[in-house]
Amino acid sequence: MQNRQSVPSKPKTKSEPEILTGSDILIRALLEEGADTVFGYPGGSVIGLYDTLVRHPKLRHVLVRHEQGATHAADGYARATGKPGVVFVTSGPGATNTVTGIANAYMDSIPIIVFTGQVASTMIGNDAFQEADIIGITRPITKHSYLVKKAEHLPRVVQEAFLLASTGRPGPVLVDLPKDVLASKAPYIRKEGVAIRGYNPTYEGHTQQIAKAAKLIMEAKRPLVYAGGGVTLADGSDDLRALAMQGRIPVTTTLLGLGVFPEDHPLSLGMLGMHGTYAANMAITECDVVIAVGARFDDRVTGRLDAFSRESKKIHIDIDPACIAKNVPVDVPIVGHIKNVLPILVSMVKKTDTAEWLGRIEELKKGHPLKYTTKPDLIAPQHVVETFADLTKHEALVVTDVGQNQMWAAQFYKFKNPRSFLSSGGLGTMGFGLPAAIGAAFGRPEATVVCFTGDGGFQMNVQELATAVKNRLPLKIAILNNGYLGMVRQWQELFFEKRYSQTYIQEGNPDFVRLAEAYGAVGIRVVRPEDVAPAVRQALEVKDRPVVMDFIVDPEQKVMPMVPAGASIMNMME
Amino acid sequence: MKHTLSVLFENEFNAIPRIVGLFSGRGYSIDSISIGAAEEAGLTRATITTIGEEQVIEQIAKQLNKLVDVIKVVDLTFEPFVERELALVKVHSTPATRPEIVQIVDIFRAKIIDISTKTMTVEITGKEDKVDAAIGMLRPFGIREIARTGAVALKREFQGQA
């Protein structure tokens, strides 16, 4: 993600450029960028494009069942592989259905490129059938967008879209394609290399700033690495590990940073923030130097800002200058790519003395481990996560929905590898889990893909079960079914005097096993705690289609520990 | 406080909405925006004035810098800068009031650029407060219409002894 896409130059055999339709040019340009998979849904304004797809078997098209599913699948594909995810949809409702997925990718800096059909150029603005100003609608949630006015512009637009989506701080790019542009003919001329005058991300960190950071770290008594999703995006896990080992510095990660540092390592504190570990939140409160790497001091991490890590100096390494000092004042800002900055920093950090601090960390971890209570005859959802973790050796590709299921997966799976925990962080999009798991499975066919979801979130994009069945994806979909919109229910219990307004969904929930079977997936219901492990083993044996596991769990289980909204992260409810 | 931002950008499709959207997306209003061709062919400069907290404006400036179309952003607020605004004011006039209006126009070094039996149109340039003052003086005669450009501004180069 660090350097601009370098494309191997092809020998030019023809002197005359080929004359192709816009649709052909688009697909050829996508293949040149290395795209292999498109998630999409056809419609009126892209019929021609879909007709052209028939002639291009190299570009695999995955037919989803709703355009939101396409954007989440492309997002999951991108998170799992590091390559941009590609989406095709039609104009109007096809385009507007992608909006949540685009916003989700924008919040988490995920590279996806959404190609939307558009009515013919001459009709734009006329309230034509299936017309929507999707460029306008998505303006605040895209890194950039294009309205393609001529077919001959397509090669360059596609090159720029890939460059913008995948470099710097990655993000979604939207390309709007009027029907007549796709149908018109133009010469296919692709120039090697692409430069955009106003787009020059800073990749090299300022050496003096890095030296200042190294000095601070060496002088620190209680340093702490706080690593975020940027480390995942930059594939900087090895460099981060090197920094922690070299300096004997404990590491906490954000939700999206899970996996960049192995959680079974003695230096690992797990996740911090609202549902982070007690040890992580105390460590960031007590530390004297914070080394923030690819993290953005999000409100779910910091809690009340004026009480956040007051005693520490802050080093902030990020590729996005707008991210630095946005929420928290920073002492040593370093704008640059993690893969460039961290190796230099590691080489400069010679000697640290953190023995006493590591003792304190150990004490915090021992004194306040993550735990949960079990009731006889009721499945604890945390136990389901732990069972999956054991039986997949902490090495599955875990995708989550949003809410309690997400937090329990984050707390109890104990990740070892980067890009093994895919979750909607910034936007908190219920319905993300299943389609993102589909995208991840296409990106990493060798991985065991486990999707933790809830009975609420699963139903928000349940139609994608058809996509998974059709493509024989052996997803393990674990519904932690508590009959409630559990996270909201938890807040209602704790902060709204148990008035469970509109969060009880048990009545009306389908029989998930029969639902799975209706789609052609395997359905397994698990009611008793002792059946959890055998059921998971059974699910892991299925290789040719998705398994929907309906775990009937204790509805009163809460995600703990917890920092109440607006409180300091020192004040954890345990 | 009031901030004056100078934004140099490539006026590609959708560039202006992207720039403006960064203000509205944070609940901020743009008080004036003036856009026109800049020194280099293909480049456009917008001078934007807004009122807001420094930290928020700084964030907006950083976000402006990140826009693909934007080449350069300067918050002129904390630097010496020159600014001018142009206003066209159509003021009600009668043969009896004309001499007095002309007198006011002279004092403000403004210009009369159109005249009819019932109106005069005055061109005023200057800093915002001067334009405000001139309009204030013309108001008693009856103002029909006003068109103002908003400020255009550039950093002042001469800063101290030569």
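**Close-up views of the predicted model**

**View 1. A bridge between neighbouring strands of chain A.** A:Phe115 has A:Val175, in strand 7 of chain A, as its bridge partner. Strands here are DSSP runs of E with at least two residues, and helices are runs of H or I with at least four, numbered from the N terminus. Strand 5 (residues 112-118) and strand 7 (residues 173-178) of chain A pair in the parallel sense, over six bridges; to pair, two strands need at least two bridges found by DSSP.

This is a predicted model, where local features need pLDDT of at least 70 and side-chain atom pairs count only at pLDDT 80 or more, while totals for chains, interfaces and linings use all residues. Residues are numbered from 1 along each chain as its sequence is written, and chains are lettered from A and ligands numbered from 1 in the order in which they are written.

**View 2. The open sheet of chain A.** Six strands of chain A line up in the order 3-2-4-5-7-6, with parallel pairing. At the edges sit strand 3 (60-63) and strand 6 (144-147) of chain A, each pairing on one side only. From one strand to the next, the twist averages 20°; axes are lines fitted to C-alpha atoms (for helices, over the stretch in contact), and angles run from 0 to 180 degrees between N-to-C directions.

**View 3. Helix 9 against helix 14 in chain A.** Helix 9 (residues 207-219) and helix 14 (residues 338-348) of chain A pack at about 45°, with axes 9 Å apart. The two helices of chain A are therefore oblique to each other, because angles under 35 degrees count as roughly parallel, over 145 as roughly antiparallel, 65 to 115 as roughly perpendicular and the rest as oblique. Helix 9 of chain A brings A:Ile210, A:Ala211, A:Ala213 and A:Ala214 to the contact, and helix 14 of chain A brings A:Val341, A:Ile344, A:Leu345 and A:Met348. Residues are in contact if their C-beta atoms, placed from the backbone, lie within 7 Å.

**View 4. Where chain A meets chain B.** Here 14 residues of chain A are in contact with 15 residues of chain B. Strand 6 of chain A gives the most to chain A's side, with three residues. The predictor gives the complex an ipTM of 0.91 and a pTM of 0.95.

View 5. Where pLDDT is low, the predicted coordinates should not be read in detail.

Technical notes: Two residues are in contact if their C-beta atoms, placed from the backbone, lie within 7 Å.
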